[in-house]
Amino acid sequence: MTRLVHTQDELSDARARLGGSIGLVPTMGALHDGHAALIRSARSHCDAVVVSVFVNPMQFNQAADLERYPRPIEADVALCEELGVDVVWNPDVPTVYPDGPVQVWVTAGELADQLEGPHRPGHFDGVLTVVAKLFAAVRPDRAFFGEKDYQQLTLIRRMVRDLGSGVQIVEVPIVRDPDGLALSSRNVFLSAEERRLALRLPAALRAGADAAGSSEDVLEAARAVLAGADGGADGVELDYLALRSPELGTAPVAGQARLLVAATVGRTRLIDNIAVELRP
Ligand code: AMP
């Protein structure tokens with residue numbers, strides 16, 4: 001039986017009743033199969049599972065994006081029930097930020113000066129601050145994050161090391177629709193035509209991974225797919241296509257690397273990434 005709680009007191013009470021190791025799955029709700037994979041991983045690693053559902057205003061840099069973010073809490077709780085989640089914590093904003101905007105927060109540092117960082121100022125400070133707060137409130141043994149948000153995952157690992165949070169971070173591979181599009185709560189905003197264009201992102205990543213050559217070969221193969229038949233004069237507005245080391249440093253000449261992409265299609269911003277093997 002899944003228990004839905006809202007306040008900090010309710011959470012503390014529910015937490016006290018859980019025995020053994022605790023797994024936390026932090027989400028913003030509108031749960032899909034990607035979140036379900038995180039929950040299943042948590043179930044297999046831990047004795048009890050807590051899912052937090054909180055649309056964190058501090059990590060949004062556009063008011064319209066925050067406002068229109070989907071919040072189907074009843075369907076989310078039903079899915080959690082199906083997946084054997086023990087506690088769903090769905091706090092309101094004053095529960096998480098009782099004094100209004102924080103005056104002391106976690107700063108992401110130079111790992112956030114690249115990729116998503118310049119496009120979403122303050123985003124990662126907001127993510128890290130809320131994750132630190134969720135860790136403090138739930139006190140999990142392990143927390144589960146998707147590779148879908150690869151830079152976020154990398155920063156959270158770094159935060160746990162730098163702050164000594166004492167939480168083991170478990171990563172979960174990206175879950176995709178059969179057509180290749182990475183599942184995202186924002187995909188519901190895509191029209192049929194936009195969705196067709198959006199498929200260029202995973203197709204470009206796959207082309208890059210299949211190239212399995214030098215950095216230039218990989219980027220070239222991915223760029224060609226992103227540009228499409230008409231050379232890019234259509235609805236895919238690219239923010240970046242970038243190759244990095246698995247830790248998001250400079251890509252090596254040979255060996256494991258990560259290819260990352262972000263683009264806006266219509267009014268919807270999409271991100272995706274894939275592991276690639278570089279061969280000089
Ligand atoms: P969100 O609700 O979008 O903040 O995501 C909550 C967690 O689910 C994050 O750790 C995401 O990386 C993860 N996640 C979102 N989409 C996917 C996906 N398609 N595959 C795997 N994990 C995902």
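**Briefing: a parallel sheet, its helices and its salt bridges**

Six strands make an open sheet here, ordered 1-4-3-2-5-6 and paired in parallel. This is a predicted model, so local features need pLDDT of at least 70 and side-chain atom pairs count only at pLDDT 80 or more, while totals for chains, interfaces and linings use all residues. Residues are numbered from 1 along each chain as its sequence is written, and side-chain values use heavy atoms, with hydrogens and water left out.

**The sheet**

- The edges are strand 1 (3-5) and strand 6 (168-172), each pairing on one side only.
- From one strand to the next, the twist averages 25°.
- Strand 3 (residues 48-53) runs parallel to strand 4 (residues 87-89), with 3 bridges between them; two strands pair if DSSP finds at least two bridges between them.
- Within that pair, Val51 sits opposite Val88 of strand 4.
- Helices (H or I, at least four residues) and strands (E, at least two) are DSSP runs, numbered from the N terminus.

**Helices on the sheet**

- Helix 2 (residues 33-45) lies across strand 2 (22-27), strand 3, strand 5 (142-146) and strand 6, at about 155° to strand 5.
- Helix 8 (residues 150-163) packs on the sheet too, touching strand 5 and strand 6, and its direction makes about 165° with that of strand 6.
- Contact means heavy atoms within 4.5 Å; axes are lines fitted to C-alpha atoms (for helices, over the stretch in contact), and angles run from 0 to 180 degrees between N-to-C directions.

**Salt bridges**

- The structure has 16 salt bridges, each a side-chain nitrogen of Lys or Arg within 4 Å of a carboxyl oxygen of Asp or Glu.
- Arg195 pairs with Asp177, with their closest N and O atoms 3.1 Å apart.
- Arg195 is in helix 9 (residues 192-198) and Asp177 is in the loop between strand 6 and helix 9, so this pair ties together parts 18 residues apart in sequence.
- Both ends are partly exposed: Arg195 has a relative accessible area of 24%, and Asp177 comes in at 25%. The cut-offs are under 20% for buried and over 50% for exposed, with partly exposed in between (1.4 Å probe, protein chains only).
- Asp210 and Arg206 meet at 2.8 Å, N to O; they sit 4 residues apart in helix 10 (residues 200-211), about one helical turn.
- Asp210 is exposed at 52%, whereas Arg206 is partly exposed at 44%.
- In helix 11 (residues 215-227), Arg223 and Glu220 are 3 residues apart, about one turn, and their closest N and O atoms are 3.3 Å apart.
- Arg3, Asp13 and Arg17 are joined in a salt-bridge network.
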